[in-house]
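Subject: Structure for your files

Hello,

Here is the structure I said I would pass on. Please open it alongside this email and follow the residue numbers as you read.

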Amino acid sequence: LALALSLNLACRATAPLENVASSTRAAPLVQQTEVLSANPSRLHTSMPDNSESALVTRVIDGDTVDFSLSGESQTVRYIGIDTPETKHPSKPIECFGQEASQFNEELVAGKQVLLEEDVTDKDRYGRLLRYVWIEGVGLVNQVLVDNGYARVSTYPPDVKYESLFIAARSEEHTSELQSRAY
């Protein structure tokens, strides 16, 4: 109970990123693809054969983007992960939601990506469900989990990379605990 209360208070004390007064622009969260993971050798970087190329035109939040495919705009929800809410119509902005959205923006905004389908094409809101890849970075869904911005959230039958996401989460938590021990 004490831990939950502490986390809740910490979240309330965190100011949204756009409200932080600063005379200079903050450094991007993602500066180089080489430092996106504490353990880059573990990142899944083999580009899928069965993918389609698209341009990310807008980052909606930490796990949802708009993209242009053949001149048509569509929305993609990343498969297998969930980030804190920032745009839900009936929920408040959740703790670290702004940070997850900003990290996703730094990672994919304006970039050409590859979209990989699993079993289910669309969710109940009509959004395409896809794994998102960036050449030289790898699987975006995994990068978000590995950096602590997303939690694993799979819904069968769309579980192609579930074990990869679980491993990324386990590594992230292990690294965090080890850093606190020293």
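Below is what was found in it, starting with the overall layout and going on to single residues.

The model is predicted, so local features were taken only at pLDDT of at least 70 and side-chain atom pairs only at pLDDT 80 or more, while totals for chains, interfaces and linings use all residues. Residues are numbered from 1 along each chain as its sequence is written, and side-chain values use heavy atoms, with hydrogens and water left out.

Overall layout

The chain has 4 helices and 8 strands. Read from the N terminus, the order is α-β-β-β-β-α-β-β-β-α-β-α. Of the 182 residues, 38% are buried; here buried means under 20% relative accessible area, exposed means over 50%, and partly exposed is in between (1.4 Å probe, protein chains only). The accessible surface of the chain is about 10700 Å², and carbon and sulfur atoms hold 52% of that. Areas come from the Shrake-Rupley method with a 1.4 Å probe, and for residues only the protein chains shown count as cover. Among contacts (heavy atoms within 4.5 Å) with a separation of 6 or more, 63% are between residues 24 or more positions apart.

Salt bridges

The whole structure contains 9 salt bridges, each defined as a side-chain nitrogen of Lys or Arg within 4 Å of a carboxyl oxygen of Asp or Glu. R130 takes part in a bridge to E52, at 4.0 Å from N to O. Because R130 is in strand β6 and E52 in strand β1 (residues 51–61), this pair ties together parts 78 residues apart in sequence. R130 is buried at 4% relative accessible area, whereas E52 is partly exposed at 30%.

R130 also forms a salt bridge with E117, at 3.8 Å from N to O. E117 sits in the loop between β5 and β6, so this pair ties together parts 13 residues apart in sequence. E117 is partly exposed, with a relative accessible area of 33%. A network of salt bridges links E52, E117, D121 and R130.

Another bridge joins R77 and D82 at 3.1 Å, N to O. R77 is buried at 15% relative accessibility, and D82 is buried at 18%.

D123 and its neighbours

D123 is in the loop between β5 (112–116) and β6 (128–134) and is buried at 16% relative accessibility. Its side chain reaches the backbone nitrogen of Y125 at 2.9 Å. The D123 side chain also makes a polar contact with the side chain of R127, at 2.6 Å. A polar contact is a pair of N or O atoms within 3.5 Å; within protein, one must be able to donate a hydrogen and the other to accept it, and residues adjacent in sequence count only if both atoms are side-chain atoms. Leaving aside residues up to four places away in sequence, D123 touches R77 and L129.

Backbone points to check

Most residues other than glycine have a negative phi, and most peptide bonds are trans. S70, in the loop between β2 (64–69) and β3 (72–78), has a positive phi near 55° and is exposed at 77% relative accessibility. F96, in the loop between β4 (81–82) and α2 (97–108), has a positive phi near 70° and is partly exposed at 46%. P156 and P157 are joined by a cis peptide bond with omega about 15°, and P157 lies in the loop between β8 (151–152) and α4 (162–181).

Regards

Conventions. Helix = DSSP H or I, 4+ residues; strand = E, 2+ residues; numbered from the N terminus.
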